[in-house]
Amino acid sequence: MKNFVSGLSAILFVSGLSGLAMADTNPLDRVEQEMIRRGYTPQVFTVHFTGPVTDLDLQKLAGAGYKILEALGNNGYIVTGPKTQKPQIPGAKAEALHLKNKISAELLQVFENKTSYSQAVIIKAVSFLHRSISGIAQRASGFSPASSAPLMVQDASGRGMLWIEVQPEKLKDLVEQLATEPDIVWIEIQHPMEFKNDNSSWLIQSGDESIGRSIWKHGLTGFGEIVGIADSGLDADACQFRLGPDRSDVTLATEQYQPPEFAVTNPDNKVLSYYVIGAADAYDDGSGGFHGTHTVGDVAGDNYEHAATATAAGHDPQDGMAPGARIVFQDIGSENGALNGLLGVSMYDLLLQSYKTGARIHNNSYGSSVISVAYDSDSASIDQAMWELNDLLVVFAAGNSGSDDQGNLVPKSLGGTGSTAKNTLVAGASGPVEFDIYGNVYNLQNELLFFSSQGPTADSRLKPDIVAPGMVFSATSDASTAIN
């Protein structure tokens with residue numbers, strides 16, 4: 001069952017609006033006190049009712065002049081109103097939404113002088129639902145260098161998002177400015193994202209080579225399904241991603257449609273649409289290790305020489321697990337190897353574009369470049385999309401940070417984003433495989449592979465949800481001589 005507590009309110013709930021332990025000497029407390037002395041009057045509050053909320057409780061809240069901005073767990077809401085004092089509602093406890101409750105734990109460490117940055121970082125600020133981000137972006141634009149204008153989006157859910165590059169010496173000032181904006185609910189650092197088969201098909205399906213590919217034998221080849229994939233790019237003319245040898249069988253990339261805009265550009269092809277998202281560059285190249293071509297091949301690659309049908313897989317080496325499925329591809333990779341297509345794009349809109357193009361499964365093999373088990377704004381955006389699009393399954397890789405450079409396991413090594421969301425299916429990597437590590441040979445069978453990231457999350461949820469063989473052969477670019 002999908003988790004009801006999703007959206008940005010879940011971030012605040014996990015961060016501890018219900019009892020966040022914070023030292024009294026936190027510099028943000030002093031900032032807030034000084035601002036109040038100068039006339040700043042916070043008008044956003046949390047209200048937690050002592051029991052299940054009734055219509056009468058909501059009428060009391062509205063009658064006192066307060067409007068609900070977000071729902072919280074534990075029978076709570078974030079509200080705003082014309083009064084500067086906290087609401088006095090019978091049967092409820094109200095508190096001001098303090099500056100520190102809007103800021104990620106990582107940023108709070110900056111204010112506590114526990115961490116610092118030596119180069120520019122990207123700050124992401126998120127608004128309450130149905131609140132405009134444009135005025136906030138204008139007021140904060142002076143903190144970014146002239147060469148890097150802020151990015152702004154008002155996504156299809158009504159959530160405003162703002163990305164601002166800032167130098168270390170201006171970081172605290174920018175965060176203070178954003179935190180005092182009544183329409184901002186959350187502020188965090190946006191870290192760069194990074195990328196996180198023939199024998200595997202029978203291994204996953206039956207676990208016994210003598211039994212073979214039992215799922216395909218029952219006619220379950222993915223035929224009739226559509227899968228969405230966001231990745232570095234796709235070698236679109238490879239034999240696994242077309243239904244025939246003609247030029248028209250190749251689906252070409254288009255920048256015309258940006259999330260959540262959509263169009264089925266090639267309804268008769270293996271790839272129904274090939275979107276180039278944001279600042280991404282079209283197609284796949286070696287800078288990303290042909291990662292997108294590899295992962296799409298894992299999922300739905302199908303050499304057209306023996307194409308899958310409704311009853312048979314038509315198996316060729318390097319076909320994917322669902323060779324009969326069609327593909328909606330979203331290119332988020334750039335020629336420099338970065339995932340620039342994700343910057344300035346809401347995860348909600350990204351998933352909505354794929355969904356409207358027909359996909360009901362969406363695969364994502366990337367995550368934050370910094371280990372994080374926290375519930376972040378991307379997690380919330382994904383959960384909101386999955387709650388509203390309740391026949392959509394979103395799959396994320398757990399990550400590849402499960403051990404240090406000596407092979408020692410690292411717990412709590414997830415990469416944030418979808419790997420810490422509540423409703424995603426998070427996949428880790430297992431054996432069988434044989435490794436030679438510093439002269440020691442390890443033969444792993446059913447174990448979690450040492451590099452596979454693991455939880456638990458910050459709020460103690462277990463991740464990954466499922467594991468499967470993590471060293472696989474798949475499609476690769478015709479310009480590459482090695483298989484990833």
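Which backbone oxygen does the side chain of Thr424 reach? In this predicted model, local features need pLDDT of at least 70 and side-chain atom pairs count only at pLDDT 80 or more, while totals for chains, interfaces and linings use all residues. Residues are numbered from 1 along each chain as its sequence is written, and side-chain values use heavy atoms, with hydrogens and water left out.

The side chain of Thr424 reaches the backbone oxygen of Gly418 at 2.7 Å. Thr424 sits in the loop that runs between strand 15 (393-397) and strand 16 (425-430); strands (E, at least two residues) and helices (H or I, at least four) are DSSP runs numbered from the N terminus. Thr424 is buried, because its relative accessibility is 4%, and buried means under 20% relative accessible area (1.4 Å probe, protein chains only). Beyond its neighbours within four places in sequence, Thr424 has contacts (heavy atoms within 4.5 Å) that include Ile382, Met386, Gly418 and Asp465.

Ile382 also belongs to the contact between helix 10 and helix 11, on the helix 11 side. The axes of helix 10 (residues 347-356) and helix 11 (residues 377-388) come within 8 Å and cross at roughly 35°; axes are lines fitted to C-alpha atoms over the stretch in contact, with angles from 0 to 180 degrees between N-to-C directions. Helix 10 contributes Met347, Tyr348 and Leu351 to this contact.

Val175 is part of helix 6 (residues 168-179) and is buried, with a relative accessible area of 0%. Not counting residues up to four places away in sequence, Val175 touches Ile103, Leu107, Phe111, Ile123 and Ile187.

Conventions:
Buried < 20%, exposed > 50% of the residue type's maximum accessible area, 1.4 Å probe, protein only. Polar contact = N/O pair within 3.5 Å; in protein donor to acceptor, adjacent residues only side chain to side chain.
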